Amino acid sequence: MTVDGLSASVADNAGILIFLVILGTIVALVNKSGASRAFGKWAETHIKTKTGAALATFLLGVLIFIDDYFNCLTVGSVMAPVTDSKKISRVKLAYLIDATAAPVCMIAPISSWAAAVSGCVESENYSGIELFIRAIPYNFYSIFTLVFIIVLLILNFDYGKMRKFELRAENSGDLGALKLSEEEERTLRVDGPVNPSKGKLIDLIIPIILLIAFCVWGLLYNGYQAIGEGSFIEAFSETDAYVGLPWGSIIALIIIIIYMVARKVMTFEEAMECLPKGFIAMVPAITILTLATSLKSMTNALDASGFVGAAMANAQGLQWLLPAIVFVVACIVSFATGTSWGTFGILIPIVSAIFPETSSLFFVGISACLAGAVCGDHCSPISDTTIMSSAGAHCNHINHVETQLPYALTVACISFVCYLLAGLLDKINVTWISIPVGVVLVVAVLFYMKKRTAKVTD
């Protein structure tokens, strides 16, 4: 059964595996072109304040929404000189990297995470990509994390252990950066540009735009092939991400290579060297996706979803509690395993059995599963993105986990309350109210924490 599950997983997810390899190649091309370094130089010239440097780091993290690995490695190497000049501690940089990696990818329809979630969905009424898009508005943890960062940076304060590191950086200039050996530097460093002077900011923007545009085209083209005629929404709902994303990304990759060579930022031979590097960079993601979908196949073979569905059949009166419970369970599983994708594989089939697809709580429940997986991954010291964030910022890993945890738990508690609220409001069909309520709660909590922190300081 295990061998069958693994082989079926590779066969069923071949399209997404190709997409991941191409994604890794594009990342390598962008880094090789010097575009990331060009953004860093632009930021050093135009950013004058500490808040501006932190916001620029946040914006770059949001811009690189295609993949969390790309985000972690690129944002750290690009923004470290900028944040260092403004006396932002490395643990704060690591938090900004981590908080704009998985949360951003989880609400971006064109990303490796969207592809991974699509692979875990088996629905009679919705395609994987359609279900992912419909679940985005209720992914409270991801959305509120972004709101939390913006408000925190604008209010210009910190609390918990993060405050101690920020005060030390401000007063003594000790940023908490690790001193690495030459071998460690080579291991963690993103490949530098071939011709540093030729890489421009536009060389970062154009590849991202091309990738998004052609992936959307690939999805729509595949959708129209399936339905013949129809609206944009209908085509998107009927598309197959396992076909559309690989085709769109292949075309984008070809055009990006032509663009890079025409711009003379690299030769064709140097561009081809990025192909194996892209594959190597994505090996961890490919491995996780393969094992996660294999686990999903095994739980399906054991009829775990049917068991849970039968167990919950007599709990109809407690349906409003289920999104919040799913969120907590997903947090625990993801924290313990250190992987969001593995959590998807385990829980999405079970969540699909709990909530009927005709109910609006179906999307809330799926979103709670996805949000909890991101939250647990964000908090876990053994998570790959958490490790890569501390590596990208060159800070002590345990310090990163300890300083990030209070922020992540604050957003997690607010998200839990909003899932309870969404469950209650489902009875009157206004679950959407929980979204603005959550935003207000984030702002209110941060104002309270700032006031409390000021009193402690006084």
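This briefing looks at salt bridges and at the parts of the chain that they join. The structure is a predicted model, and a search of the whole of it finds seven salt bridges. Side chains of opposite charge can pair when their charged atoms come close.

**A network around Lys 50**

- Lys 50, Glu 166 and Glu 170 are linked in a network of salt bridges.
- In the pair formed by Lys 50 and Glu 166, the closest N and O atoms are 3.2 Å apart, and this pair links distant parts of the chain, with Lys 50 in helix α4 (residues 50-63) and Glu 166 in helix α11 (residues 161-172), 116 residues apart.
- Lys 50 also forms a salt bridge with Glu 170, where the closest N and O atoms lie 3.5 Å apart, and here again distant parts of the chain are linked, since Glu 170 is in helix α11 and Lys 50 in helix α4, 120 residues apart.

**Burial within the network**

- Glu 166 has a relative accessible area of 5% and is therefore buried, because the cut-off for buried is under 20%.
- Lys 50 counts as partly exposed at 25% relative accessibility, and Glu 170 is likewise partly exposed, with a relative accessible area of 39%.

**A bridge between helices α22 and α11**

- The side chains of Glu 402 and Lys 161 meet in a salt bridge with an N to O distance of 3.2 Å, and the pair links distant parts of the chain, Glu 402 being in helix α22 (residues 397-425) and Lys 161 in helix α11, 241 residues apart.
- Glu 402 counts as partly exposed at 34% relative accessibility, while Lys 161, with a relative accessible area of 39%, is partly exposed as well.

Key:
Residues numbered from 1 in each chain as written. Predicted model: local features only at pLDDT ≥ 70, side-chain atom pairs only at ≥ 80, totals over all residues. Heavy atoms only, no water. Salt bridge = Lys/Arg side-chain N within 4 Å of Asp/Glu carboxyl O. Helix = DSSP H or I, 4+ residues; strand = E, 2+ residues; numbered from the N terminus. Buried < 20%, exposed > 50% of the residue type's maximum accessible area, 1.4 Å probe, protein only.
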